[in-house]
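Student: Hey, can we go through this structure together? I'd like to start with the rings and then look at a sheet.
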Amino acid sequence: MDWIKRFFKGSDQKNSEGHYHGDHEEDPQVYVPSGTGDVWQEHENEEIDRAIALSLLEESQKGRNMINDESQLAEDEQLARALQESLIFEPPLPYENANIYQPIPVHFPMGYRICAGCNTEIGHGRFLNCLNAFWHPECFCCHACNLPISDYEFSMSGNYRFHKTCYKERYHPKCDVCSHFIPTNPAGLIEYRAHPFWIQKYCPSHEHDSTPRCCSCERMESRDTGYVALDDGRKLCLECLDSAVMDTKECQPLYLDIQEFYEGLDMKVEQQVPLLLVERQALNEAREGEKNGHYHMPETRGLCLSEEQTVSTILRRPSFGIGNRAMDMITEPFKLTRRCEVTAILILYGLPRLLTGSILAHEMMHAWMRLQGFQTLSQDVEEGICQVLAHMWLITQLDSSSPSSDVATTSSSGASRLRKEKIPEFERKLGEFFKHQIESDTSPVYGDGFRAGHSAVYKFGLRRTLEHIRMTGSFPY
């Protein structure tokens, strides 16, 4: 258009008014002004044609430049939007031991953005700037489920990333009783209870919501496994039930085993002392009928009787029916006659073989000392030395089942007994637990008495310790 303007400025002809309409988005349309004067000369027509051609060429060139500028502008706008979206996307906040990572607005040339997950160039589109690296959103995945982490919060364990839910499922402790996640206390800390031996974790609330415990191993009953209910109100877990001694006849082989144990210690019980398995009520009634004696609270599980009385003993073991309840148990009265200082040994029925044996070994020591004419001893000395014998018997049982030993040594006296059969793994664990109970008992009579007696036997031997007790009524030091 500059050409045609210059041309008209240089003309001596008078022209009528003309109108120009142009748009940079489209090819310009030129409206040539119409003349009202003389006829154009031929050479003047040629000049006009040349001017029009040059003007059209100039406008065409401008249009192409504008198209190129528009294409570049569109590309720049697309890149700007991608960068803006990546900067607006904020990485997750931490869960527990996770760290907070704020997005860092770093501008690199395209070739420098390499995904830390797949090690390929990220290119256009959304990406994450987290953990001091760039990621495709689909490459920032949970270590547990391998799905992308798109939540506002995530968790870290070492160098591994987790969804909050996956981290909780893997690392947050669950209650072994109700199988729920153990709740946090008002301070926001996870608080739970745990059995000192079995390490059974459970919610603190279960200590007050009447959740049953096994009367043998003390583990709490979990919601998905039912315990067996005995007639006297006790609960027994299925593992303890496997080796439970249920009636008097069934206990006789164990009684003979412990008699052999005492004979191996040169402490044979000469008199035939009746052994009876009884229910809790019968045991408590027999305890009330005794004039003397100290009994381990909160529940007595064995008695060495010296008085004449009638006791209800279990003649036939119960069966277990609907709801794991004991049924069809047969009992009969048994009249105790005093022929010596000991009339009977009573043991609570329904306990595992190793626990029944340790209780029987304890009560047998009471019987042996009475039959040997020991004077009345203080409770800590008498119960303490009885616990020492129960502890020693448990050791023989555990040693006899050891894979590295075919013979179990019963004590420092050198007596030994051939191993009859290997103890199952859980029963062995039970034996370790009963041994641990004796060793960790905190009561002044049974606990402190055992530790004093055990120390004396370890230092002076069983025979010298017993002689010292007979003469002085105390442990040697």
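Predicted model: local features only at pLDDT ≥ 70, side-chain atom pairs only at ≥ 80, totals over all residues.

Student: Okay, which residues form one aromatic cluster?
Tutor: That cluster is made of F197, W198, F426, F433 and F434.

Student: How do W198 and F426 pair, stacked or edge-to-face?
Tutor: They're stacked, with 5.8 Å centre to centre and 20 degrees between the planes.

Student: And where do those two lie?
Tutor: W198 is in the loop between β6 (193-194) and β7 (201-202), and F426 is in helix α9 (residues 425-440), so their pair ties together parts that are 228 residues apart in sequence. Helices (H or I, at least four residues) and strands (E, at least two) are DSSP runs, numbered from the N terminus.

Student: Is W198 buried or exposed?
Tutor: Buried, at a relative accessible area of 15%, whereas F426 is partly exposed at 24%. The cut-offs are under 20% for buried and over 50% for exposed, with partly exposed in between (1.4 Å probe, protein chains only).

Student: What lies over the face of W198?
Tutor: R219 does, at 5.1 Å from the ring centre. A charge sits over a ring if NZ of Lys or CZ of Arg is within 6 Å of the ring centre and within 35 degrees of the ring normal. The charged end of K174 also sits over a ring, that of F181, 5.1 Å from its centre.

Student: Switching to the sheet: what's the strand order?
Tutor: It's an open sheet of three strands, β11-β17-β12, with mixed pairing. Two strands pair if DSSP finds at least two bridges between them.

Student: Why is one side of β11 and of β12 left without a neighbour?
Tutor: Because β11 (275-278) and β12 (302-305) stand at the edges, each with a single partner strand.

Student: In what sense do β12 and β17 pair?
Tutor: Antiparallel, over four bridges, with β17 covering residues 344-348. Within that pairing, L305 stands opposite A344 in β17.

Key
Residues numbered from 1 in each chain as written. Heavy atoms only, no water. Phe/Tyr/Trp six-rings, centres within 6.5 Å; stacked < 30°, edge-to-face > 60°.
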